Amino acid sequence: MSPSTTDSVDAAARAIPAELYHGADGKAVRPCTPAPVTLRHLRMLDVRPEMRVLEIGTGSGYSAALLSHLVGPTGVVVTVDISADLSERARGLFAEHRHQVQAIHGDGMYGWPEGAPYDRIFVGTTPPQIPAAWLDQLAPGGELIAGCLLSSLPGAYAVAQIRNTPDGEPDVFVLAGGYTPTIGDEKPQAATYVTADDDDRFDLATNATITEDAARELLAALRVGRATTWTTEPDDYLHLKNWLIARDPEGLLVTTTELGTGIGLGSLGGEPDAAFVTGTHLVTRPANSAVGTRLHDLITNWRLVGSPTTHELPARLVRSENGYTVTVQPLT
């Protein structure tokens with residue numbers, strides 16, 4: 001990212017107050033992504049004058065307006081949203097504020113082939129997979145930013161930056177973070193997902209081959225487990241979580257209890273034995289948990305290899321029938 005890119009994005013943000021699109025017309029659209037995150041990702045995309053840009057997920061229209069400022073009068077911006085109401089609202093705001101954006105009502109999973117190829121594609125959502133249509137519509141040397149899933153476990157969100165290389169093999173770079181999923185509240189089918197019998201605020205999901213009854217026993221055990229403070233930097237938990245997802249140890253699970261949401265391990269047989277870590281606590285059950293020791297050893301290993309951040313993990317795209325899956329590999 002060059003200094004000129006930073007300057008141009010800052011200039012666009014100064015020229016276009018977010019309030020113009022988030023609620024200036026009295027019909028507020030609450031942004032799913034904070035403006036500073038949007039600006040950071042636009043800097044990463046390095047959008048330049050005269051480029052052709054496709055946005056998936058119009059929302060309030062704010063990010064498309066910024067893109068219009070970045071590409072200038074000779075560039076092209078197309079934004080697609082599945083909501084007809086949002087597309088119509090944004091279309092009116094673009095006209096009112098003289099931002100040259102084509103707002104399309106449609107299913108963004110198919111992109112917008114009529115305007116392809118695009119130099120940049122900006123996706124403000126997380127699909128189950130990266131659709132092949134997006135990469136097919138990306139020009140040689142073009143770049144795409146989108147939310148991605150690193151696992152079938154709930155909450156395994158990240159942000160993928162994909163570059164369409166001249167040899168046709170796209171490069172991918174993964175960052176911590178995420179966007180609202182396109183699948184809403186649907187739980188991934190590959191994970192065993194259960195809620196607590198007495199309170200549906202608490203849940204557990206695991207990729208392991210395990211019955212729902214066994215998963216509920218693990219959740220019940222963790223809710224009465226022993227908690228100790230885990231000292232960490234603010235972003236460390238998220239990077240540790242993604243490293244554990246990359247390692248994919250046996251019994252990997254994510255859970256929400258009274259102590260918050262975390263990632264951990266559960267035994268697959270015998271008495272319930274489980275442990276998980278949040279941004280503030282390490283929880284084990286029972287107190288002499290063998291699984292807790294295994295989780296502690298994994299955390300120690302993460303630290304011994306330099307506490308790698310998400311963007312330091314090797315990433316790749318795996319092609320499937322429906323698109324591309326993003327995977328990360330651990331540093332060992």
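Two strands pair if DSSP finds at least two bridges between them. I note at the outset that the model I examined is predicted.

**Entry 1**

I then looked up how the chain passes from strand 11 to strand 12, and recorded a hairpin that joins them through two residues.

Strand 12 has a further partner: with strand 13 it pairs over four bridges, again in the antiparallel sense. Here I noted I263 opposite V277 of strand 13. I also checked burial along strand 12. Five of its seven residues are buried, so strand 12 is largely enclosed by the rest of the structure.

**Entry 1: helix 9**

I turned next to helix 9, which runs over residues 290-304 and has 15 residues. From its first C-alpha to its last I read a reach of 21 Å, close to the 21 Å expected at 1.5 Å a residue.

Which residues of helix 9 are buried? I listed V291, G292, L295, L298, I299 and W302. They lie on the same side of helix 9, because they cover an arc of only 120° around the axis. As background, I wrote down that an α-helix has 3.6 residues a turn, so residues three or four places apart point the same way. On the other side of helix 9, I found A290 and L304 exposed.

What covers the buried residues of helix 9? I recorded that the cover includes helix 8 (236-247), strand 12 (260-266), strand 13 (274-277) and strand 14 (281-285).

I then inspected the ends. The N-terminal end of helix 9 is capped by S289, with a side-chain oxygen 3.2 Å from the backbone nitrogen of V291. Just after helix 9, I noted that G306 takes a positive phi of about 100°.

**Entry 2: T309 and the strands that follow**

I placed T309 in the loop between helix 9 and strand 15 (315-320).

Strand 15 pairs with strand 16, residues 323-328, over six bridges in the antiparallel sense. In this pairing I saw L317 opposite V326 of strand 16. Strand 15 and strand 16 form a hairpin, and I noted two residues between them.

How many aromatic pairs does the structure hold? I found one. The ring centres of Y21 and F94 are 5.8 Å apart and the planes stand at 45°, so the pair is tilted. The pair links distant parts of the chain: I traced Y21 to helix 2 (residues 19-22) and F94 to helix 5 (residues 84-96), 73 residues apart. I marked both Y21 and F94 as buried.

Helix 5 also contains L86. Leaving aside neighbours within four places in sequence, I found L86 in contact with V29, G59 and D81. Finally, I compared L86 with H105, 19 residues apart from it along the chain, and read a C-alpha separation of 8.4 Å.

Note on methods: Residues numbered from 1 in each chain as written. Predicted model: local features only at pLDDT ≥ 70, side-chain atom pairs only at ≥ 80, totals over all residues. Heavy atoms only, no water. Expected span 1.5 Å × (residues − 1). Buried < 20%, exposed > 50% of the residue type's maximum accessible area, 1.4 Å probe, protein only. Arc of directions from axis to C-beta. Contact = heavy atoms within 4.5 Å. Polar contact = N/O pair within 3.5 Å; in protein donor to acceptor, adjacent residues only side chain to side chain. Phe/Tyr/Trp six-rings, centres within 6.5 Å; stacked < 30°, edge-to-face > 60°.
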